[in-house]
Amino acid sequence: MKGNEAIAHAAIRYGVDGYFGYPITPQSEILETLEAEMPWETTGMVVLQAESEISSINMVYGGAATGKAVMTSSSSPGISLMQEGLSYIAAGELPALVVNVMRGGPGLGTIHPSQSDYFQATKGGGHGDYHFIVLAPATVQEMADFVGLGFDLAFKYRTPAMILADGIVGQMMEKVVLPPFRPRRTDEEIALQCPWAVTGHPAKRKPNVMTTLELDSAKMEENNERYQRTYRLIESNEVRFQGYHLDDAEYLMVAFGSMARICLKAIEDARLAGMKIGLIRPITLWPFPYEAIAELSRKVKGMLVVELNAGQMIEDVRIATEGRVPVHHFGRMGGIVPDPGQVLDSFISFFPHSK
Amino acid sequence: MTLEDIKRPENIVYCKPSLLNDNNMHYCPGCSHGVVHKILAETIEEMGLENNTIGIAPVGCAVFAYNYIDIDWIEAAHGRAPAVATAAKRLNPSNLVFTYQGDGDLAAIGTAETIHAANRGENIAIIFINNAIYGMTGGQMAPTTLEGMATSTTPYGRRVDLNGYPLKISDLLAQLEGTCYVTRQAVHTTAAVKKAKQAIRKAFENSMAKRGTSVVEIVSTCNSGWKKSPVKSNEWMVENMLPQYPLGDIKNIVDKQ
């Protein structure tokens, strides 16, 4: 099935309570699949087509505030509209899942694949000092798996999580093993897991209020320090990446999502010609695998960062390498996807002595 | 007979609703918010919904509504309360879910959320405070500001050729098939307060009976923003606001059925 369809099926099976979304190419199959599956008849999951992405993300905020597992999905321009709401969800320390199946921008841009929302996803996007967990799937299987992983992490740390997929992974069809069905949490389970949830039952407790407003600057700084402590904890616990051909690597490529698969093919071709290139595929773009790349920067002679953008993740790779080795970038924009040959040509042009 | 002899429960004919806590309200003296908060708290209590209610607070003067009424609250981003309420109600259908919004929140930045929630017939109650001005930010023009009315951003009066017309959003919402009850009330006299309270109760009953969206507009005063004394504000409201925003039910399909 398509990556987008896998997300919809995985959401139903995970026991998601609500999905709120607005159509936009190339991810409309998520909402379409959910509407066709009618999970409200089976698991009781609420599915609603909102009037805008602004409304969708605020529905997610409202649903998450009641302790429910809620999600939305969109593509780049729609995710831009959600930035205010995402900032509120992060500030409210609310668990939620947001899927961005990226298309090329800026502006209305193109419906073709891109990875140009890396900055927006990993560096904040909305106003204020905040982060959320960003997962970058490279396969349809990971599209399905990261729904559960995203929610698990979101509830563990009380933070939103994002699946940052590119249009290729959203539209690509592959075999996938869907997770088993599990029931939605009962109201009692939610009350136990989320004592902060706004459920309308204060008889047994003081009223719960979900607000992100604090006019006392000293208290607001305390809130910010609490957010930052959560972020440090996530950085130390949740970095995920995959390495390929690292043992004997003399050079390194760094790529995420579908570009990592194209790079892997380029590397396998290069190895036939005796070029010892390895690959790091960050799975969490935030928290970023700085340490793994720093360690490799002490062993290899150079790195090529390959992205479907003008050079975004390369900044994090350069932070990790601290100037120890040359770090170059190869990117295509506007929805153009390079083939492995172009990636390898670019690599050789930057590192002519690697042959 | 001492004062203590008199202050016995059986002698009490009036008291502060228990849901209204003792926090000092930040509202200006004379502002309608305080009265509306009181009748909201009374209504929730009288309906026995104090353990079953989610209020959605706006951005505006009522941003701190959650500090005064002891129920569960969600503070929404500016204008987004109907979207937040939509999810809260759909995911928690046995609860009373209401929004409390001002004119800027509901009829300017949140127009899309308001219209679409009402058009879907979400089973929520919308309490809409219309004082024709942005109180919180210091008295700027609101969508409901009257023609010729001076505000800090229309210092020479609202000109319809520049700023358009006062938006009668409740009349617009009454046109939608998703609304079951749209009414316009005020709280400037004791009789008006009684009627407004009955309207809020009707709206809450509709929400619990899942009859669709109810809207209770309350034409209100903002004496700070209007730069008038509380008494003068009430007089000005009757003379100027009520001709533009006449009181009474605009739509009530429930009682007709």
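**Exercise 1.** In chain B of this predicted model, find what percentage of the contacts with a separation of 6 or more comes from residues 24 or more positions apart.

*Solution.* Take the contacts in chain B whose separation is 6 or more.

**Exercise 2.** Decide whether the radius of gyration of chain B agrees or disagrees with that of a compact globule.

*Solution.* Step 1: chain B has 257 residues. Step 2: for that number, a compact globule would have a radius of gyration near 18 Å. Step 3: the value for chain B is 18 Å, so the two agree. The chain has 11 helices and 9 strands.

**Exercise 3.** Describe the side of chain A that touches chain B.

*Solution.* Step 1: count the residues. 33 residues of chain A are in contact with 28 residues of chain B. Step 2: list the elements of chain A that give two or more residues to this side: β1 (18-21), β2 (46-49), α4 (53-65), α6 (83-91) and β7 (209-210). Step 3: find the largest share. α4(A) supplies it, with 7 residues. Step 4: sort by residue class. The side of chain A divides into 15 nonpolar, 14 polar and 4 charged residues.

**Exercise 4.** Which strand of chain B pairs with β7(A), and in which sense?

*Solution.* Step 1: the partner of β7(A) is β2(B), residues 72-75. Step 2: the pairing is parallel, over 2 bridges. Step 3: within β2(B), Ile74(B) is the bridge partner of Met210(A).

Note on methods:
Residues are numbered from 1 along each chain as its sequence is written. Chains are lettered from A and ligands numbered from 1 in the order in which they are written. This is a predicted model: local features need pLDDT of at least 70, side-chain atom pairs count only at pLDDT 80 or more; totals for chains, interfaces and linings use all residues. Two residues are in contact if their C-beta atoms, placed from the backbone, lie within 7 Å. Helices (H or I, at least four residues) and strands (E, at least two) are DSSP runs, numbered from the N terminus. Ala, Val, Leu, Ile, Met, Phe, Trp, Tyr, Cys and Pro count as nonpolar, Asp, Glu, Lys and Arg as charged, and the others, Gly among them, as polar. Two strands pair if DSSP finds at least two bridges between them. The radius of gyration is taken over C-alpha atoms; the globule rule is 2.2 Å times the number of residues to the power 0.38.
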